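Dear colleague,

I am handing over the structure we spoke about, so that you can look at it alongside my notes. Please open it first and read on with it in view.

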Amino acid sequence: MSVGDLPGDFANENPDDPGLVPPSGRRDLSGEGEARRLNTPPPQTEAGVAFQSEGGTSAAASTVAENAAVASELNGGVDPNELYEARRRGTSKSVAMWIVGSLLSVTLMAGVVWWLRQPDSTAGVVAAGVGSTGPGSPVDTANDPASQDPRLETESDLQPGSKDPGLLPTDSVPPGDEVNSPEDTTFGNGGISEATPAVPATDGATVAGSDSQAMIPNDLMPSSPLDGSPAVLGRDQPSTGPVAQPPAKETEPDPVMELPPEFAQFQMLLEMPGQAPDAPPMSEAPVLEDVVLDVAANEFVDPMLIATPPEEVDIETALKMRLAISTKGYPLSDLILFIGEATLIPIQLDWVSMDLAGTNLRQPVATNAKGWTTMGQLLGDAARSAGLKIEVEENRLDLSLPIETLQAKTKTLVGLDDFGDERGSAETLLDRLTSAVELEPRDALHLRCLTTESLRRMRQNESMLSDDVMARWTAAYVHQPTEALVDAGLPPAWPELVKGEPGSQLDTAIAMAGLLRRTARVNGATCIINWTDAQRRRLSPGQLVMAYAGEPGNEVPAGKMLNRTLDPMGLQIREVDSSHWWVGTSATYDRLPVVVRSAPLGPRRDDVLHRIRESARLVGVGLAIEHDPVSDGFLAVMPRFLYRQLPKIVGPEL
C-alpha cells in the first residue's frame, strides 16, 4: 500500500517528513505520528520572512530544529556513527571558530595600537569641501583617501536611526548648514592637498570656502599621549598655527668626563694625527705680502713613550749609593753624565751662566774621596771644584753658578764705562730692549750681558767675550740677498750632527747617557742634554738603547748613528761647534732666543724694522727690536727660526 492510498487523516502532505513515514514503510497506528504531525511547524508566510529580515533569526526555525531532534530520538533508528560524526564536526567547528575569533581579536588589538601610534593628521587641518558631493563640488570622492579608510563606519551605522550624533544624514540638514566630516578632508603626502584656502574667523575658528564651515581650533584638538611635539618628531607642521623654529645654536654635547689619573697619560693616543701618527701636526704658514713665512716646529710626543714612563727615582736614596772611583782628570760634563747614568737622576747644567762666567764644561774634576764613597759626596765635590751649586727640583738636579757669583763675574761685562760719551744712548737702548722681555732675574742678567756685548761690537768697541761664546748665543746679520737665501733662509746655526767617529760596535744595550758620553769622548767633544725635553718624553739617563755603528771598514758616521738612535724618542743631536754637542728637540731649538745685531740699514731702515715686527706678529712670537742711531743697525732678541728667515723678510734689496 502506498502513501497515497492512506485515508485523508493519515495522508502526509509533506512526503519528506520522517515523522509520518517510518523507515520500514509501515503505517503508524499508535497515534505518535499524529502527534508529530500536529507538532509540525506551519509553513512560513510573507510576514514571517519580513519578521526574520527585521529582527534576525525566527523562533519558528528553532522549533523545527527541536522537533526534528525529538523525531529522531523517537524513531530509534539513529546511526551511532552518524551521531559521532555530527558531534565531531560540531567540536571542530567550535575549535575553528575559537581560533578565528582569537586571530580576529589579536588583529583588532594590533590595529588599535597602530592607530593610536599614528600622528594626529587631523590637527589643524582645514576642510577642503562641503558635505555634498554633487556637481560642482571641489571634493573628489574617487581620490579621497578618507573614503578608503578601513576605519570608516559600516553601512548599518549610516542608516537612519543611527545613534551616532556626529554623523547626520544629508537629507536631514537644512541647505547651507552642511557639516564637514573627516571623509570630506583631502590629504597629500603628510600634509594638506591643494583645496579651498582657509580664512581665519573672528571667533577663533577656521573657515574653509565659506564663513559657515568652521573647524575646531588647533590648540583644542586632542592628541595622542604617545605622540611628542612635532618639532621633536620632525612631522610636518600644520598650515595654520605657529611653526616651531629650530634653535639658533645647536646644543653643545656634554663634555667628556675627565679620565682617572691612571688613564690620563693615555689620552694622547686619542689625539694622534690620522695619516702619520709619528709625524708632528702641521700648521699653516702665514704670509707677509709676497713672502711665505715658516712657523716654528711643533712639539710632538710619541704616545708610546708616555705610555711607558720610567720608574720614579728617590733622589735622596739614589745619592746614597756607594762606589769606588778615581776622578783625577775626569771632565766635568762627562762626570755629570756618568752620575746620572748610575743613579738614573737627570742632572741639568746651566750652560749659559757657565759660558758668561768663563767656566769650562770640560775642566778636569778632582775629588777628595779615597776608596769607597757615595754618589752624593762625589757630586758635591765636583760641584764645589767648578764653583757650582746644586739645586734639587722635583724630579731632577740643576747645577748652576750662584747668582751672586754670576753677578760678580759679569759686572765688568754689563758696565758701560767703555762707551764714553755714548753711554747715555747705549743705556737707554739697552733698557728699552731688556724691559720688553719678561724674564727671571738670572735670565734677565744673561740677556743684559749678551745685548751689551753685541752693542759694543755694533759700535766697534773692544769686546769682552770670546767669539766662541758670542757665536753660541748671538748672531751678526749681514744682508746678502742671494736667491737661495731668499727662498730657503739662513742655515741653522746649530746644524744636526752629521760626521764623527761612531766608536766600536757594541754587542749589548747601553744607557742613553752612556752612549752620548762615550761617543762624544771619542770625538773630543762634550755633550749637553736638555733634560726638559727628555723628561717630557718620560726618558731617563738610564734609558737603554742599541746603536748600530756599522761593520769594520764601513762604519756609520757618529751623527747618523746617534740621530737614528734618538729619533724614535723625538730627540736630535746638534753640533753647536767642534767641541760641543747639544741634545734636544727641534721645537725647543727653533724657540731658543738669539741676540741679533745687524749691519747699517741705510735708507730702508723704517721699512726693514716694520717688516720684521710684522713677521713676528704673524707667526705669533715675542720680539724685542730697537734701532741704534749711532751704528744705524738694529739690535733684537728673537727666536732662532725667525732669524733664519731674515733674508726673505728684509727682501732682495736692503
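What follows is a summary of what was found in it, arranged by region.

Please keep in mind throughout that this is a predicted model.

I begin with the nonpolar cores. The largest of them has 56 residues, and within it L332, L379, L388 and L635 touch the most other members. Apart from that core lies another, of 27 residues, which includes A525, L562, M569 and V583. Returning to L332, and leaving aside its neighbours within four places in sequence, the residues in contact with L332 are M354, N360, L361, R362, Q363, V365, A382, A386 and L388.

Helix α20, which runs over residues 558-566, is mostly covered, with 7 of its 9 residues buried. Those buried residues are A558, G559, M561, L562, N563, T565 and L566, and they pack against α18 (512-522), β16 (544-545), β19 (572-577) and β20 (580-584).

The buried residues of α22 are V608, L609, R611, I612, S615, A616 and V619. Seen down the axis of α22, these buried residues fall within an arc of 160 degrees, so they line one face of the helix. The face turned away from that buried side carries the exposed residues D606 and R617. On the buried side, the packing partners of α22 are β4 (287-288), β5, β22, β23, α23 (640-644) and α24. Just after α22, G620 takes a positive phi of about 70 degrees.

Two further backbone positions deserve a look, because most residues other than glycine have a negative phi. L344, in the loop between α9 (332-343) and β8 (347-349), has a positive phi near 65 degrees, and at 37% relative accessibility L344 counts as partly exposed. D632, in the loop between β22 (624-628) and β23 (633-639), has a positive phi near 60 degrees. With a relative accessibility of 15%, D632 counts as buried.

Turning to charged pairs, a search of the whole structure finds 25 salt bridges, of which I describe a few. D294 and K648 form one, with their closest N and O atoms 3.6 Å apart. This pair links distant parts of the chain, since D294 is in the loop between β5 (291-292) and α7 (303-307) while K648 is in helix α24 (residues 646-650), 354 residues apart. D294 is partly exposed, with a relative accessible area of 40%, whereas K648 is buried, with a relative accessible area of 7%.

The side chains of D350 and R442 also meet in a salt bridge, at 3.6 Å from N to O. Here too distant parts of the chain are linked, with D350 in the loop between β8 and α10 (351-357) and R442 in helix α15 (residues 441-458), 92 residues apart. Both D350 and R442 are buried.

In the salt bridge between R536 and D533, the closest N and O atoms are 2.5 Å apart. R536 and D533 are 3 residues apart in helix α19 (residues 531-536), and therefore separated by about one helical turn. R536 counts as partly exposed at 33% relative accessibility, while D533 is buried, with a relative accessible area of 1%. Elsewhere in the list, salt bridges that share partners join D418, E453, R456, R457 and D467 into one network.

Leaving aside its neighbours within four places in sequence, T585 is in contact with E299, D533, R537, G570, L571 and Q572.

Finally, a word on the cysteines. How many disulfides are there in the model? The count comes to 0. C449 counts as buried at 0% relative accessibility, and C527 counts as buried at 4%.

With best regards

Conventions: Residues numbered from 1 in each chain as written. Predicted model: local features only at pLDDT ≥ 70, side-chain atom pairs only at ≥ 80, totals over all residues. Heavy atoms only, no water. Buried < 20%, exposed > 50% of the residue type's maximum accessible area, 1.4 Å probe, protein only. Helix = DSSP H or I, 4+ residues; strand = E, 2+ residues; numbered from the N terminus. Contact = heavy atoms within 4.5 Å. Core = buried A, V, L, I, M, F, W, Y, C linked by side-chain atoms within 4.5 Å. Disulfide = S-S within 2.5 Å. Salt bridge = Lys/Arg side-chain N within 4 Å of Asp/Glu carboxyl O. Arc of directions from axis to C-beta.
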